[in-house]
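Please find below a colleague's note for someone meeting this structure for the first time.

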Amino acid sequence: MSKIHRLAALLTLTLLWPTASGAFCGFYVAKADAMLWNKASKVVLVRDGDRTVLTMASDYEGEPREFALVVPVPVVLKREQIHVANPAIVKHLDDFTAPRLVEYYDEDPCAGPMIEEIVVTASKRDSSASLAPRARAQQLGVKIEAEYTVGEYDILILSAEESGGLATWLRENGYRIPDGAESIIGSYLKQGMRFFVAKVNLGEQARLGVSQLRPLQMAFETPKFMLPIRLGTLNAKGHQELFVFALTRRGRVEATNYRSARIPTDVELPPFVQARFADFYRDMFVRQAEQAGAVVFLEHAWSMGWCDPCAAEPLDAAELRELGAFWLAGPNEWRWPWQPRTAQPDTSDTFVTRLHVRYDAASFPEDLMLQVTGDTASFQGRYVMRHPWLGSAECSEATRYRSVLRTRQDEEGSTLARLTGWDRGEIRAQQGLTPNGDATSPTVAPDEPWWQRIWPGGR
């Protein structure tokens, strides 16, 4: 059950390569998507006014009958407010917003201006209750407000008079509640919240032919824009990774009760990082999080209508509606996001924010409170590597270039060490540099006069 406990740590009690783009000089070679992380949860939040659509993507691996999900919700949901989505759409959104590594080649300094542009594609139920569920629930002060089967899931909406009764009912019905959960459950009950409870219906799963559990979605209205993350920290071992993909039509989403920061971006790195981009980004992010403390990091903020460079093509209107962008209906039309329509509206008024939180109970003792801002400025995590020109042509510009190149390589190595904490000596070795910063393999013509190393350009 350990995988169940860590599966959806942000919201649960119990467990829970891209296509071409010609707009960029250089080419994309790697992306840092959520697959880099263990114990990572992905949530898509669509928000406009009080209307909210929440999509919870599961990376659960195990027996479907052991999957269980319990989420605090602000209202009793009707059947038509609950949906299951295609997991490929959530992955597409992750790919589109992922921090990316782009690549340049230095031009021949003796040949005059030249730009080479290339784009390439690049992640057992333990029921001890002796009474029928509803009778036992009533005895414990728990009310089953609603009961549905949606796709491959059996869903209950629960309310309770007090936290102890609800915790007991959940335990008796096979939900493993971590120690300390009752007080947090009680705080949600005092706010008038209910609990959304889901398990896999094995018969429906077999009938539908679904092998991978699909994301669960719910649509509701509430003035409070938040994510309840406290319950997931109780049984978590170590830090959890939370990715929030927020879709709005007004602008960027940010936290209100925790400090926000942008990840380092537009920095130049040694070319060898291409083969270690996953290690680089993970170590860089962890170092930033450890230095910053309780911070919500911004990794991407951009209109859904375009990208530069693209780690994946923007999502189309159908995909955005599936995730909940209900404003993509007609001007006077409002529907639940998954109800069909025929028009293909413009997606450029949909703004996506990618937030990344590394958290535990000590560093993030409160739920994540959010707000929609009017800021539509673009931002992305972008890392650049420039391959040096290694030709043997001789001219004054080539001599100057070789001198500047050594300085640039040293700066790239220093930046990498500062961002990640990697050993500077090992970085030099990976770069092919001596401890003094000179290249161990020549990057200049073998017969270059020694004095040109002192006075670039021969002056």
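1. A disulfide is here a pair of cysteine sulfur atoms within 2.5 Å. This is a predicted model, in which local features need pLDDT of at least 70 and side-chain atom pairs count only at pLDDT 80 or more, while totals for chains, interfaces and linings use all residues. Residues are numbered from 1 along each chain as its sequence is written, and side-chain values use heavy atoms, with hydrogens and water left out.

2. Relative accessible area (1.4 Å probe, protein chains only) is called buried under 20%, exposed over 50% and partly exposed in between. Cys 110 is partly exposed because its relative accessibility is 33%, and Cys 395 is partly exposed because its value is 27%.

3. The other pair to look at is Cys 307 and Cys 310, whose sulfur atoms lie 1.6 Å apart in a disulfide. The link of Cys 307 and Cys 310 is right-handed, with 75 degrees about the S-S bond. Cys 307 counts as buried because its relative accessibility is 8%, and Cys 310 counts as buried because its relative accessibility is 6%.

4. Salt bridges (a side-chain nitrogen of Lys or Arg within 4 Å of a carboxyl oxygen of Asp or Glu) come to 25 by this rule. Among them, Lys 42, Asp 94, Glu 299 and Arg 354 are linked in a network.

5. Helices are DSSP runs (H or I, at least four residues), numbered from the N terminus. Helix 9 spans residues 396-420 and holds both Arg 400 and Glu 397, three residues apart, or about one turn of the helix; their side chains meet in a salt bridge at 3.1 Å, N to O. Glu 412 and Arg 408 form a salt bridge at 3.4 Å, N to O, and Glu 412 is buried, with a relative accessible area of 3%.

6. Arg 424 is placed in helix 10, residues 424-431. Its side chain makes a polar contact (a pair of N or O atoms within 3.5 Å; within protein, one must be able to donate a hydrogen and the other to accept it, and residues adjacent in sequence count only if both atoms are side-chain atoms) with the side chain of Asp 410, at 3.0 Å.

Terms used: Helices (H or I, at least four residues) and strands (E, at least two) are DSSP runs, numbered from the N terminus.
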